Amino acid sequence: MADFDVPVLGDHPLCSVPAIKPGAMHGLKPFAVNNPMHNTDLGFPGALVENWEAVAVAKMGELLGKYRSLQVFLDSCVKCGSCTDKCHYFIGTADPRNMPVARQDLLRQIYRRYFTLAGKVAPGLVGAKDLTKEVLDDWYSYFHQCSQCRRCSVYCPYGIDTAEISMAAREIMDSIGLGQKYTNEILGKNIKIGNNLGLPPPAIRNTLDGLEEDVEDATGIAVRFPLDVKGADVLLVTPSADFFAEPHIDGLIGYAKVFHQAGISWTLSSYASEGANFGMFLGSYDNMKKAATRIRHAARELGVKRIVVGECGHAWRVAYSFWNTLIGPFDFLDPKYPAPQHICEVTLDLIRRGALNLDKSANDHRVVTFHDSCNVARASRMGTTPGGQYSIPRDIIRASCNHFVDMDPGTIHDQTFCCGGGGGLLTDDLMPVRVKGAYPRMQALRQVQQEHGVNYLAAICAICKSQFLKVLPYYQFDRDMIGGVHQLVSTAIQLGTKE
Amino acid sequence: MTVVTELYALLFYTAAAILLIGVVRRIVIYARAPAPLRIATMPAPLTRFGVVLRMVREVFFFESLFRSTKWTWMFGVLFHASMALVLMRHLRYFQEPVWFWVAIVQPFGKYAAFGMLAGLAALLARRFLVDRVRYISSPSDYLMLCLLLAIAASGAMMTFVMHTDIVDVKAFFLGLMRFKWQPLPADPLLLLHLALVATLMMVFPISKLLHAPGVFFSPTRNQVDDAREKQHVAPWARDAV
């Protein structure tokens with residue numbers, strides 16, 4: 001089914017480290033922006049500017065002064081090789097430029113040439129290079145083969161995070177007019193219309209009406225999906241995929257059922273109908289802030305007391321780690337609750353307080369494993385203790401079903417593997433690297449499938465869900481294995497018994 | 001006063017100045033660069049004290065490297081710990097009277113030279129033998145290891161094979177520190193050792209040796225997990241739209 005090689009799964013839960021194949025993924029690149037508006041909407045030049053070399057170097061200088069991470073990370077690498085076998089894209093493609101350090105070096109060679117004494121005096125000695133069209137092509141190709149999952153940063157003795165490097169590289173490319181179509185077009189819609197799909201308010205209302213009917217047909221209970229309700233307690237901000245995509249939509253139904261049974265008044269916002277924030281993928285502080293600002297406006301406008309974020313990995317990173325700084329302070333919200341709060345924090349708290357009636361046996365046809373989404377696992381937290389982002393979703397799963405097993409310890413928690421589609425790579429023009437990048441996760445999944453009969457892969461990220469739906473069949477898994485944590489809750493919850 | 005003494009005196013003043021100014025300048029650059037967003041690699045400590053513990057584990061025990069690859073960790077620890085002992089032992093050449101603990105370290109520091117050599121040799125072998133590490137290595141990566149190997153080897157030679165007049169060497173360095181120059185013995189091995197050390201000092205601020213100060217400024221390691229509780233708006237970010 002593929003016009004490229006798909007890795008073959010073995011018996012061991014961990015993939016072996018491949019011998020390097022230089023150039024294996026050379027030339028694979030996503031579509032660039034061809035409609036200038038997709039760049040200019042974000043404040044970038046519409047097309048590649050004439051003096052792009054100078055502009056790029058100047059932008060790099062600007063970013064070095066703005067981000068300590070970039071400056072320290074570009075200086076500190078000792079080429080120890082610790083990260084070289086940690087990236088799912090390297091494991092899946094064997095292309096040495098997908099080793100985190102080699103990916104960083106694409107930017108570092110330019111940093112050294114233009115910003116360090118050694119690189120100016122003796123470029124050949126320290127691997128410094130002039131910025132040429134060839135280098136720019138490499139940037140565009142390999143900085144779009146990084147999902148910014150931060151797995152390499154876990155193992156680096158200096159904590160060098162390739163995500164920071166690839167964000168800087170993408171910001172530099174955007175600043176010279178070389179934007180990636182998928183991310184930029186979507187981000188533009190989010191900033192202008194309020195969601196990644198460009199859904200206008202009536203379309204959202206229409207979808208929610210349909211969901212209300214579906215749930216009532218299935219359960220006999222009138223569960224509401226409120227939109228733009230002023231004075232609601234909770235504003236739910238969730239990835240717009242939850243409104244229409246499978247299996248995401250079952251997660252949204254799950255959130256609604258939880259709110260319904262717990263008697264929490266909640267609402268979605270048509271003005272801020274997107275949890276995702278692709279501004280992060282570009283490393284663009286301004287655009288990230290613009291997208292997030294809609295949410296602050298909506299929360300104030302609706303007069304809510306809490307903001308809750310649905311199942312979405314990078315959305316939760318932005319919400320947890322960046323919102324307070326970008327669009328805070330949230331002094332207009334109820335201080336009794338963390339701002340923002342993850343839907344899993346809300347649900348587990350309700351379960352512990354006995355506010356939800358869950359029948360685990362309703363999920364007895366499922367043997368569940370949990371995929372820690374990279375941005376949740378390595379870039380955020382849930383709850384009040386470090387590692388709550390691992391225990392809270394699992395506790396919800398255990399409260400919702402009888403059969404749960406974890407995958408190999410080397411592939412979960414902070415060592416989790418990215419699904420292969422994060423960081424702006426969830427586009428069909430990058431299918432080869434998406435499929436190959438999923439290899440380590442698929443390998444760990446195969447083991448629990450064989451040993452425990454796992455038939456449900458739970459995730460709390462819209463990108464993970466879309467990505468797995470697409471790549472599971474390449475590895476001879478059933479595509480319907482993928483689902484949300486709140487889909488399990490939705491199945492288990494006994495409506496009409498508690499409210 | 002011989003020409004050699006004058007040459008080496010000037011060399012060490014220069015090297016020390018470059019090292020000091022270069023590293024301080026870098027540290028100022030790191031410290032001044034803002035960290036506009038919380039990017040700690042999670043799970044991260046919730047308190048400042050927790051961060052100190054995390055940094056201690058990272059700096060003294062190479063925690064992240066340990067989780068990553070046991071071989072590199074072993075060679076890395078062997079080299080760094082041995083070098084630390086060797087450096088501590090060398091303090092005796094810069095002080096009179098010699099501190100109590102420096103005297104205690106002396107015998108360990110002597111034999112640590114072999115640990116340094118073994119660790120460096122293993123790290124160098126990795127660069128040739130592991131295809132991934134070979135791919136990412138620049139000439140400077142090999143040269144740096146060779147430089148350190150040559151320093152360790154020439155030093156060990158003087159300790160164990162061809163002794164130099166160490167009392168005179170100490171007098172030379174104390175003289176440098178007190179700006180009352182004393183003659184330096186013109187042993188070839190000693191001169192080689194000192195020239196290599198001066199070279200190392202001078203390349204330090206423009207090379208990957210910056211990982212030493214850099215690790216303390218690494219935002220993924222030194223940040224407290226407090227983003228929901230505290231705002232961290234960088235000065236430049238106040239104007240962001």
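Which handedness does the β-α-β unit made by strand 3, helix 16 and strand 4 of chain A have? Strand 3 of chain A, helix 16 (residues 313–327) of chain A and strand 4 of chain A form a right-handed unit, where right-handed denotes a path from the first strand over the helix to the second that runs clockwise with the strands pointing away from the viewer. Helices (H or I, at least four residues) and strands (E, at least two) are DSSP runs, numbered from the N terminus.

The model is predicted: local features need pLDDT of at least 70, side-chain atom pairs count only at pLDDT 80 or more, and totals for chains, interfaces and linings use all residues. Residues are numbered from 1 along each chain as its sequence is written, and chains are lettered from A and ligands numbered from 1 in the order in which they are written.

Strand 3 (residues 306–309) of chain A has buried residues on both sides: A:Arg306 and A:Val308 point one way, while A:Ile307 and A:Val309 point the other way. A residue counts as buried if 20 or more other C-beta atoms lie within 10 Å of its own, as exposed if 12 or fewer do, and as partly exposed in between, with C-beta atoms placed from the backbone. Strand 3 of chain A pairs in the parallel sense with strand 1 (residues 234–237) of chain A over four bridges; two strands are taken to pair if DSSP finds at least two bridges between them. In this pairing A:Val234 has A:Arg306 as its bridge partner. Strand 3 of chain A also runs parallel to strand 4 (residues 341–342) of chain A, to which two bridges join it. There, A:Val308 is placed opposite A:Gln341.

A further group of three strands in chain A forms an open sheet in the order 5-6-7, with parallel pairing. Strand 5 (368–371) and strand 7 (482–484) of chain A are the edge strands, each pairing on one side only. From one strand to the next the twist averages 40 degrees; axes are lines fitted to C-alpha atoms, for helices over the stretch in contact, and angles run from 0 to 180 degrees between N-to-C directions. Strand 6 of chain A is covered on both faces, with A:Tyr456 and A:Ala458 buried on one side and A:Leu457 and A:Ala459 buried on the other.

Strand 5 and strand 6 of chain A pair in the parallel sense over four bridges, and A:Thr369 stands opposite A:Leu457. Strand 6 (residues 456–459) and strand 7 of chain A are likewise parallel, over three bridges. The chain passes from strand 6 to strand 7 of chain A through helix 22 (residues 462–471), in a right-handed β-α-β crossover. Helix 23 (residues 485–492) of chain A lies across strand 5, strand 6 and strand 7, at about 75 degrees to strand 7 of chain A.

The domain assignment divides chain A into domain 1 (37–186) and domain 2 (194–405 + 454–492), the bounds coming from an automatic or database domain assignment. The domain centres, taken over C-alpha atoms, are 32 Å apart. Contact between the domains involves 14 residues of domain 1 and 11 residues of domain 2 of chain A, two residues being in contact if their C-beta atoms, placed from the backbone, lie within 7 Å. On the domain 1 side, helix 9 (151–155), helix 10 (162–175) and helix 11 (181–193) of chain A each supply at least two residues. Helix 10 of chain A gives the most to this side, with five residues. The domain 1 side comprises six nonpolar, three polar and five charged residues; Ala, Val, Leu, Ile, Met, Phe, Trp, Tyr, Cys and Pro count as nonpolar, Asp, Glu, Lys and Arg as charged, and the others, Gly among them, as polar.

Chain B contains 11 helices and zero strands. Its C-alpha atoms fill a box of roughly 65 × 40 × 40 Å along the principal axes, and 33% of the 241 residues of chain B count as buried. The contact between the chains takes 55 residues from chain B and 61 residues from chain A. Helix 6 of chain B provides the largest share of the chain B side, five residues. By class, that side has 31 nonpolar, 15 polar and nine charged residues.
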